[in-house]
Amino acid sequence: MEAIEFLGFNIHAWITIATVLTMFTVLLTTKLRTDLVFLGAIGVLFVTGVLDAKEAFSGFSSTSVVVIGVLFVVVAGLTYTGVLQWMVKHLLGQPDSYSKAIFRLMLPVAALSSFLSNTTVVALFVNIVKMWSKKLGIAPSKLLIPLSYASGMGGVCTLIGTPPNLIISGLYADHSGQTMNVLATTIPGLFCLFVGILSILAMRKLLPDRKASDNAFESTADYTVEMMVTADNPHIGQTIAEAGLSQVKGGKLIELIHYDTVISPVADDEPVMGGDRLVYAGQVDELLDLRESHGLVNADHPVFTMSEIEKNRQLRTAYITFGSSLIGKRMDGITFERDNNMVLVAVARRGQRIDQLPHEVTLQAGDTLLFECPAKAHVDTDRLASHLHFFDSQQVANFSNKTLISTVIMLAMVALSALGVMPLLQCAFIAAAAMLIFGCCSPDQAMKSVNWDILMVFAGSVVLGLAIQKTGIAERMAFGILDVCGTNPIVVMTAICLVGTFITEFISNTAAGAMFFPIMLEAAEKLGYEPYPFLIALMISVSSSFATPIGSPTHMLVYGPGGYRFSDFMRIGLLMNLIILAANILIVNIVYPLTPLP
């Protein structure tokens, strides 16, 4: 069956091409879990005979994937001991200009992202930057895109800073038997970082000057809150005036919903009846006190009796993620609130509170939602992560001597690996064990910190790259690129990196790295050059996604808080893609001159 060819590809190659295209189509157009999509792709490649059992599951034993899993534990130790929080507290300062603020923000973020998860770093900084921007008198939208960009550009400065670097370096080690130094990308990465910072300063006018979404939640005079009269309310039978429900502390009654009849404005002599819905405008936290003072409950409460009113509830802000099942829906048409024991009290979009009842708003990606929730311990933010991102869900750390211990452990891990004392995998295992031994994180915290979904995606990416290489797709694509670009190695390197930068705007950078590794490898070897510098350039290019908010999880983290529109990223991001690509090609060829194969 393998001998049958069409357009130069055998049946296994066509199965691989169909699998890859189907997988990316599903990821872009559906809300299926990414790890399940990758697992399904592995299953197809195995069942159809494209890969044997050892090859199909090689990703799960890949050194780079194991390193990523162990590094989750190291990051947990740094997070729970407050290293990130300490750096934020002491590094931002009080700059007196926008240019200085950009440097004070982007350099620490890039430094942290060189060793830690970009998503973790950005999630920590978002609220800090919003408060910092007020002190500086700068719109958050002028700082949050640079925050996200810095995390991406900083991540490429070390092999452990971003997963594609580990994947590509691991695949290179398997191919050549040579291990890349953990600081192999540091000089090119730093050069691209400084070029990126200067580019942002030069293009600052392309950054929108927009009010942040949750600024609408800081001045709460325009909130609307909907309450219900319980069946056993003592004020039933009285008028609105007699019950004291018209002019209340913190707001005013603007609408009364009696069965299907909407009464507005509400006269003082309107009678109060069980099941009535009262809509107030005003200060939300004070209006919610009506539950205690007047025996009201939240409008969607499942049991309308005073005994059902919960204590110790609080207001929390969340942002709707891309791909969330909440997009296009209204809260009054689904059971989301009841299922998660939360009540929606306000919605903001691009910096403005939406002037209609929260439950009647058709939700969009990036909307900022204000919920009344139980205590933090009772909200399963991990389970809700595919729908919402809560910015107050970060672990609160206590500074202590363990803060210093965890920092020393991380620096020792990097130093031992960079100096070639021992391989990165061994260094990571020792560092993770040290974090546990010295109590920087508990065993339970360590296990919870390992993101198994992400590891599944990484393993699947490795297998995907193997299938592309084994079936000859990489070789044919490399020849195709050479036919178009000629035999100039820098032109070929640039062409592949340009396509990689474009692709990573729509799929994970890990998948892009695994997919383009065999293509870049084949192209370099066909040209007769050592592939090392080609692969360094590829690492930087597949992590250079600036033009769409879906290009990186960190972009989505700042999308709602910055009050951004989709086009905001494209306006500055397309130019950033081209600038960083040019800087990448230039510096890589200076630091790692092209060397002919022996």
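A helix axis is a line fitted to C-alpha atoms over the stretch in contact, and the angle between two axes runs from 0 to 180 degrees between their N-to-C directions. Keep that in mind for the first pair of helices. The model shown here is predicted.

Start with helix 9, residues 163-176, and helix 21, residues 509-527. They pack at an angle of about 35°, and their axes are 9 Å apart. The crossing of helix 9 with helix 21 is right-handed. From helix 9, the contact draws on Pro 163, Pro 164, Ile 167, Ile 168, Leu 171, Tyr 172 and His 175. From helix 21 come Asn 509, Thr 510, Gly 513, Ala 514, Phe 517, Leu 521 and Glu 525. Sorted by class, the residues of this contact are nine nonpolar, four polar and one charged.

Now pick out one residue. Ile 167 sits in helix 9. Is Ile 167 buried or exposed? Its relative accessibility is 1%, so Ile 167 counts as buried, because the cut-off for buried is under 20%. Look at what surrounds it. Beyond its neighbours within four places in sequence, Ile 167 is in contact with Ser 64, Val 65, Phe 458, Val 462, Thr 510 and Ala 514. Ile 167 and Phe 517 are 350 residues apart in sequence, while their C-alpha atoms are 9.1 Å apart.

Ser 543 has a relative accessible area of 9%, so it is buried. Leaving aside neighbours within four places in sequence, Ser 543 is in contact with Gly 152, Val 156, Thr 162, Pro 164 and Asn 509. Pro 164 and Asn 509 also take part in the meeting of helix 9 with helix 21.

Next, turn to helix 6 (residues 98-113) and helix 8 (residues 141-155). Their packing angle is about 35°, with axes 8 Å apart. Helix 6 and helix 8 also cross in a right-handed way. Helix 6 contributes several residues to the contact, including Ile 102, Leu 105 and Val 109. Those of helix 8 include Leu 143, Leu 147 and Ala 150. By class, this contact has eleven nonpolar, four polar and one charged residues.

Leu 105 and Leu 147 lead on to the core. The largest nonpolar core has 136 residues. Which of its residues touch the most other members? They are Leu 105, Phe 125, Leu 147, Tyr 149, Met 413 and Met 576. Helix 21 gives the most to this core, with twelve residues. Take Met 413 as an example. Not counting residues up to four places away in sequence, Met 413 touches Leu 71, Val 74, Ile 160, Cys 427, Ala 428 and Ala 431. Another core, of 18 residues, lies apart from the largest one. Among its members are Met 227, Leu 253, Leu 278 and Tyr 280.

Strands have buried residues too. Leu 344 belongs to strand 10, residues 343-349. Leu 344 is buried, with a relative accessible area of 2%. Its contacts beyond four places in sequence include Met 331, Pro 358 and Phe 371.

Finally, step back to the whole chain. It has 24 helices and 13 strands. Of its 598 residues, 55% are buried. Among contacts with a separation of 6 or more, 79% join residues 24 or more positions apart. The chain exposes about 24900 Å², and carbon and sulfur atoms supply 62% of that.

Key. Residues numbered from 1 in each chain as written. Predicted model: local features only at pLDDT ≥ 70, side-chain atom pairs only at ≥ 80, totals over all residues. Heavy atoms only, no water. Helix = DSSP H or I, 4+ residues; strand = E, 2+ residues; numbered from the N terminus. Left-handed = near helix turned anticlockwise from the far one by under 90°. Contact = heavy atoms within 4.5 Å. Nonpolar A, V, L, I, M, F, W, Y, C, P; charged D, E, K, R; others polar. Buried < 20%, exposed > 50% of the residue type's maximum accessible area, 1.4 Å probe, protein only. Areas by Shrake-Rupley, 256 points an atom, 1.4 Å probe, with all protein chains shown as cover. Core = buried A, V, L, I, M, F, W, Y, C linked by side-chain atoms within 4.5 Å.
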